[in-house]
Amino acid sequence: MKIKKILLTTDFSDYAHYALTYAVEFADKFKAEIGLLHVIEPIIAPTDFTWESYDIAELEKKSREYTQESLDKIIREKIPDKIKATPIIRYGRSFEEIIRCAKEEEFDIIIMSTHGLTGISHILFGSTAEKVVRKSPVPVLTVRDPEHKFEML
């Protein structure tokens with residue numbers, strides 16, 4: 001099995017941080033690098049009758065700055081120095097950008113968390129992880145729950 005490039009997705013949730021432990025173990029075992037990806041979804045300005053105005057450009061700028069700082073912090077604090085890790089920011093629909101990034105940057109595997117999307121929203125839209133698994137050109141490791149201890153032999 002050849003794994004040299006791992007795409008790890010994050011939405012900065014606890015589940016995503018748990019998936020990070022898998023990516024670090026894989027990277028260490030296979031001497032691979034990690035691309036740490038966060039997708040910023042488009043900002044949709046509300047069209048209502050309030051007197052407030054929204055500066056979409058400023059919101060997008062702040063979102064990008066927050067994302068960059070958060071990715072850098074994860075790399076600095078959670079990924080050992082011996083593992084090469086690169087922050088990646090994309091804009092768009094999460095599952096589409098994850099797949100596009102995996103193709104364009106030639107990642108060998110995607111590691112991502114699942115989360116408990118349930119009820120009618122799951123029936124109508126499915127989860128990001130589910131869409132990535134169905135459409136990904138590379139293998140996808142989904143990490144469901146921190147209750148399961150992971151140990152790589």
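## A guided tour, starting at a ring

Start by selecting lysine 5 and phenylalanine 107: the charged end of the lysine sits over the phenylalanine ring, 4.8 Å from the ring centre. (A charge sits over a ring if NZ of Lys or CZ of Arg is within 6 Å of the ring centre and within 35 degrees of the ring normal.)

Before you go on, know that this is a predicted model, in which local features need pLDDT of at least 70 and side-chain atom pairs count only at pLDDT 80 or more, while totals for chains, interfaces and linings use all residues. Residues are numbered from 1 along each chain as its sequence is written, and side-chain values use heavy atoms, with hydrogens and water left out.

**Strand E4**

Now select residues 109-113, which hold serine 113 and make up strand E4. Helices (H or I, at least four residues) and strands (E, at least two) are DSSP runs, numbered from the N terminus. Are the residues of E4 buried or exposed? Five of its five residues are buried, where buried means under 20% relative accessible area, exposed over 50%, and partly exposed in between (1.4 Å probe, protein chains only). Colour Ile109, Ile111 and Ser113 for one side and Ile110 and Met112 for the other, and you will see that both faces are covered. In a regular strand the side chains alternate between the two faces of the sheet.

Next, show the neighbours of E4. E1 pairs with E4 in the parallel sense over three bridges, and strand E5 (residues 140-143) pairs with E4, also parallel, over four bridges; strands pair if DSSP finds at least two bridges between them. Zoom in on isoleucine 110: leucine 7 has it as bridge partner in E4, and valine 140 in E5 stands opposite it.

Finish this stop at serine 113, which is buried because its relative accessible area is 10%. Tyr15, Ala16, Ala19, Ala129 and Val143 touch this serine, leaving aside residues up to four places away in sequence; contact means heavy atoms within 4.5 Å.

**The cores**

Select Ile6, Leu8, Ile34, Ile79 and Ile111, the residues with the most contacts inside the largest nonpolar core, which has 26 residues. Such a core is a set of buried Ala, Val, Leu, Ile, Met, Phe, Trp, Tyr and Cys residues joined through side-chain atoms within 4.5 Å. Helix H1 (14-30) is among the elements that supply at least two residues each, and H1 gives the most, with eight. A second, separate core of 15 residues includes Leu7, Ile98, Cys101 and Ile110.

**Aromatic pairs**

How many aromatic pairs does the structure hold? There are three, counting rings of Phe, Tyr and Trp (its six-membered ring) with centres within 6.5 Å; planes under 30 degrees apart count as stacked, over 60 as edge-to-face and the rest as tilted. Pick phenylalanine 12 and tyrosine 66, an edge-to-face pair at 6.0 Å centre to centre, with 75 degrees between the planes. Phenylalanine 12 lies in the loop between E1 and H1 and tyrosine 66 in helix H2, so this pair ties together parts that are 54 residues apart in sequence.

Then pick phenylalanine 26 and phenylalanine 30, whose centres are 6.0 Å apart and whose planes meet at 35 degrees, so the pair is tilted. Both lie in helix H1, four residues apart, about one turn of the helix. Phenylalanine 26 is buried at 13%, whereas phenylalanine 30 is partly exposed at 22%.

**Last stop: H2**

Select Thr67, Ser70, Leu71, Ile74 and Ile75, the buried residues of H2. Their cover includes H1, E2 and E3.
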